[in-house]
Amino acid sequence: MTSPSSSVTAPGDLEAAVAAAVSSGIPSALSDLGALVRIPGIAWPAFDQTQLERSAAAVAELAEGTGVFDSVRVLRAAVPGTDEHGQPAVLATRASRNGKPTILLYAHHDVQPPGADELWDTPPFEPTVRGGRLYGRGAADDKAGIMAHIASIRAVAEAVGDDLDLGIAMFIEGEEEYGSRSFGQFLKDNEDALRADAIVVADSGNWDAETPGLTVSLRGAVRFTLKVRTLDHASHSGMFGGAVPDSMLATIRLLDSLWDENGSVAVAGLAVRDAETPDYSEATLRDEAGLLPGVSPIGDGTILSRIWNKPSVTVIGIDATSVDAASNTLSPETTVVLSCRVAPGQSAEDAYAALEAHLRAHAPFGAELTFSDLDLGNPFLVDTSGWAVGLVRGAMADGYGKAPVDLGIGGSIPFIADLVETFPGAQILVTGVEDPHARAHSPNESLHLDTFRHAVATEALLLTRMNEITL
């Protein structure tokens with residue numbers, strides 16, 4: 001693809017009009033965001049799936065209301081390898097005119113389960129404003145991403161009017177928190193409608209509440225279930241304890257082999273990326289992560305290198321005898337779920353092979369290991385040389401009033417690999433509305449309201465400036 005040309009730079013009065021439209025539209029955008037937060041759309045089968053239908057319908061109505069799209073549809077795609085279909089997604093499109101580029105805007109309307117209600121200061125699905133933040137499940141991740149798209153489109157449509165020639169596709173997924181099972185098939189089914197010159201994935205974070213971040217690297221993800229068996233039936237711990245290894249003993253010894261004495265991952269074959277990171281203090285880590293006094297960080301190297309450029313392994317689930325049901329019994333089997341983050345530059349498949357080989361080689365007492373439910377997502381590195389990257393950095397600097405920071409993210413967005421494969425010529429711009437205190441996926445998730453305003457202003461400027469260039 002050739003670089004774009006700009007015959008006319010977006011005039012100052014036009015951008016002033018866009019800024020005014022953003023400002024006047026924020027109250028209604030936050031009101032609409034609150035309405036979305038009230039819908040408990042969770043893609044996990046244990047929850048009421050009709051709420052996702054409500055959520056998709058509400059997003060489709062918001063898209064229709066902008067008045068800019070030629071088509072707005074609620075669609076489902078098949079889940080490969082099953083007889084099922086994925087959760088409802090919203091696809092809204094408008095064709096470009098007069099040689100202007102097309103931008104694809106992504107977010108997701110499904111949310112994480114709320115967890116225990118007693119851990120929330122206010123009800124998770126009742127949006128509540130306090131201390132300059134909007135609290136509620138999905139307020140940040142990622143219904144604010146949806147409303148950043150909607151609010152910016154509204155502002156640009158109001159200011160630009162009939163001169164809006166930019167092509168826009170908006171894809172709001174309905175199962176990102178449940179593994180994006182039908183994402184790849186959705187892209188194949190709607191490839192022509194989704195094709196774009198630049199893609200904004202509004203599902204990441206910022207350096208802090210005041211400083212924007214452009215995510216340029218993401219760790220990959222490996223998740224699997226591991227069953228450890230040592231007995232074919234439970235046995236009396238008094239009669240056989242001391243001679244017979246129970247599954248919990250074997251599991252504890254096996255899991256402990258995954259880390260060294262300072263908490264760094266000790267698995268041969270897991271790669272580390274060599275890249276510089278900005279200054280980030282232990283005090284900031286303690287504040288943002290909620291590290292308890294007296295508990296030390298783990299790993300070595302700079303703190304951000306541990307989070308952005310090195311692998312991590314976390315036990316995120318365990319099936320064992322509960323405390324209430326504890327008895328003097330040697331347990332025959334224990335099951336755990338392991339989540340590994342993969343350094344940029346290594347494939348998730350290679351990382352899983354290293355993990356499986358390590359676990360099999362370190363199984364204590366000849367314990368029987370079974371691996372299942374494997375889920376892989378590759379890391380991602382942004383090509384920062386493209387014209388769209390320069391455009392979004394300029395929009396961030398003007399929208400926030402501060403120059404953006406290039407970020408690595410310790411988390412993963414595995415479906416980006418599908419976007420790159422399907423649209424290899426598109427430039428991927430990973431942005432977001434979260435700040436380090438958003439607590440996405442946790443109780444008391446919240447959105448910093450000023451960050452949201454700046455994010456909307458940024459995206460509105462990006463759309464306005466893209467509307468001024470010709471490919």
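Guide: Here is a quick tour of some helices, strands and loops.

Visitor: What kind of model is this, and what are the ground rules?

Guide: This is a predicted model: local features need pLDDT of at least 70, side-chain atom pairs count only at pLDDT 80 or more, and totals for chains, interfaces and linings use all residues. Residues are numbered from 1 along each chain as its sequence is written, and side-chain values use heavy atoms, leaving out hydrogens and water.

Visitor: Start with helices. At what angle do helix 11 and helix 13 pack?

Guide: About 135 degrees, with the axes of helix 11 (residues 387–400) and helix 13 (residues 449–466) 8 Å apart. That makes helix 11 oblique to helix 13. Axes are lines fitted to C-alpha atoms, for helices over the stretch in contact, and angles run from 0 to 180 degrees between N-to-C directions. Under 35 degrees counts as roughly parallel, over 145 as roughly antiparallel, 65 to 115 as roughly perpendicular, and the rest as oblique. Helices (H or I, at least four residues) and strands (E, at least two) are DSSP runs, numbered from the N terminus.

Visitor: Is the crossing left-handed or right-handed?

Guide: Helix 11 passes helix 13 in a right-handed crossing. A crossing is right-handed if the near helix is turned clockwise from the far one by less than a right angle, and left-handed if anticlockwise.

Visitor: Which residues make the contact?

Guide: On helix 11 they include W387, L391 and M396. On helix 13 they include H454, L461 and R465. Contact means heavy atoms within 4.5 Å. The contact residues divide into eleven nonpolar, five polar and two charged. Here Ala, Val, Leu, Ile, Met, Phe, Trp, Tyr, Cys and Pro count as nonpolar, Asp, Glu, Lys and Arg as charged, and the others, Gly among them, as polar.

Visitor: How many bridges join strand 4 to strand 5?

Guide: Three, and strand 5 covers residues 133–135. T128 stands opposite Y135 in strand 5.

Visitor: Is strand 8 buried or exposed?

Guide: Six of the six residues of strand 8 (residues 213–218) are buried. Buried means under 20% relative accessible area, exposed over 50%, partly exposed in between (1.4 Å probe, protein chains only). Strand 8 runs parallel to strand 16 (residues 405–409), with five bridges. Strand 8 also pairs with strand 15 (residues 380–381), antiparallel, over two bridges.

Visitor: And why is strand 9 called largely enclosed?

Guide: Because seven of the ten residues of strand 9 (residues 220–229) are buried. Ten bridges join strand 9 to strand 13 (residues 333–342), antiparallel. Eight join strand 9 to strand 14, also antiparallel.

Visitor: What about phi at H441?

Guide: Phi is near 75 degrees, positive in a residue other than glycine. H441 sits in the loop between strand 17 (427–434) and strand 18. At 43% relative accessibility, H441 counts as partly exposed.

Definitions and conventions: Two strands pair if DSSP finds at least two bridges between them.
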